[in-house]
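Hi there,

Here is the structure I promised to pass on.

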Amino acid sequence: RMVAFGQLVVGPPGSGKSTFCSGMKQFLTSLGRKVIVVNLDPANENLPYKCEVDISELITQEDVMENLKLGPNGSLVYCMEFLEKNLEWLHAQLEKFGGHYVLFDCPGQVELFTHHNSVRSIVTQLQKWSMKLVAVHLVDSHYCSDPGKFISVLLTSLSTMVQLELPHINVLSKVDLMEQYGKLAYDLDYYTEVMDLSYLLEHLSDSTFFQKYKKLNEALIGLVEDYSLVTFLPLCIDDKVTMFEVVKAVDKAGGYVYGQGESLSQPEMMSCAVGAEFDFFKHATVKEKYFNK
């Protein structure tokens, strides 16, 4: 059986998953890859890309809500459980696209990736079908402007990494809009590299509400730092430089071997495989373009 490579694109609602899949498909196609997008969100009706495989052909959230009288969250969970029990349908659809790079556009319900088991079971079956997947976890970058929300994002990212058990890349999406929600307390590198989080506690202590939960916040920060797994890559979907950085990270994590159609020189391929770059220049272009000096 031929090995297939792909990305499992996850993240909270509004983080830009469908836009990411659309942009990533265009970008990878320009590199010479044959790419398909699989929509696994039964509530996603307005897709910004051509969808080769769509879960709505199997089940839709609207039908579940109408027939089973479930709410939005319960119906999404039901749809994922239904897909888990009908994986032969997904297998038959994917078989039509042998040799393609696959982007899975997932639902935005966080609990599906932090502690519910259906998506994990689906991923396990995809791996049995010789698919090498990398989880790409998108987070809206405006959460960086609020220390409390940023800590929540770190916990969500960590929970998703532990639950899915896949090679994992965390991405701060919409980085071009980052400072529209307020100036960051620290430099961009502080948030992407998840440096000493104790500094965030100083900003949380300004609030009477957070003072009450100071010990809890210290424990949560300690948990994230003890695992030392969470870092982020900044992304603006219209910026080819940040897109290429994400592609390099995903290819390195998933062990992708370049196809003959990709127009990359040998030094570029080596750089992508090894991830060779100086830390000082890592996000210099992003900061220069999108952040006030």
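Five salt bridges turn up when the whole structure is searched; please keep in mind that this is a predicted model. Three of them are worth a look on your screen.

Another links Arg-33 to Asp-251, where the closest N and O atoms are 2.5 Å apart. Here the span along the chain is 218 residues, because Arg-33 is in the loop between H1 and E2 and Asp-251 is in helix H12. This pair is buried too: that goes for Arg-33 and for Asp-251.

Glu-165 and Arg-120 also meet through their side chains, at 3.4 Å from N to O. Glu-165 is in the loop between helix H7 (147-164) and E6, and Arg-120 is in helix H6 (residues 118-128), so the bridge connects parts 45 residues apart in sequence. Glu-165 is exposed, at 55% relative accessible area, whereas Arg-120 is buried, at 16%.

Now to the helices. H1 (residues 17-30) packs against H12 with the axes 11 Å apart and at an angle of about 85 degrees, so the two helices are roughly perpendicular to each other. On the H1 side the contact includes Phe-20, Met-24 and Phe-27, and on the H12 side Met-243, Phe-244 and Val-247 are among the residues involved. By class, the H1-H12 contact counts eight nonpolar residues, one polar and one charged.

H12 (residues 240-254) also lies across E1, E4, E5, E6 and E7, and runs at about 140 degrees to E5. Those strands belong to an open, parallel sheet of seven, in the order E3-E2-E4-E1-E5-E6-E7. Its edges are E3 (53-54) and E7 (233-234), each pairing on one side only. Within the sheet, E1 (residues 4-10) and E4 (residues 101-105) are joined by four bridges, and Gln-7 has Leu-103 of E4 as its bridge partner.

Finally, two backbone details. Most residues other than glycine have a negative phi. Lys-69, however, has a positive phi of about 60 degrees; this residue is in the loop between H2 (61-68) and H3 (72-85) and is exposed, at 68% relative accessibility. Ser-228 has a positive phi as well, near 50 degrees. Ser-228 is located in the loop between H11 (214-227) and E7, and is exposed at 60%.

Best wishes

Methods:
Residues numbered from 1 in each chain as written. Predicted model: local features only at pLDDT ≥ 70, side-chain atom pairs only at ≥ 80, totals over all residues. Heavy atoms only, no water. Pairing = 2+ DSSP bridges. Contact = heavy atoms within 4.5 Å. Axes fitted to C-alpha atoms, helices over the stretch in contact; angles between N-to-C directions. Buried < 20%, exposed > 50% of the residue type's maximum accessible area, 1.4 Å probe, protein only. Parallel < 35°, antiparallel > 145°, perpendicular 65-115°, else oblique. Nonpolar A, V, L, I, M, F, W, Y, C, P; charged D, E, K, R; others polar. Salt bridge = Lys/Arg side-chain N within 4 Å of Asp/Glu carboxyl O.
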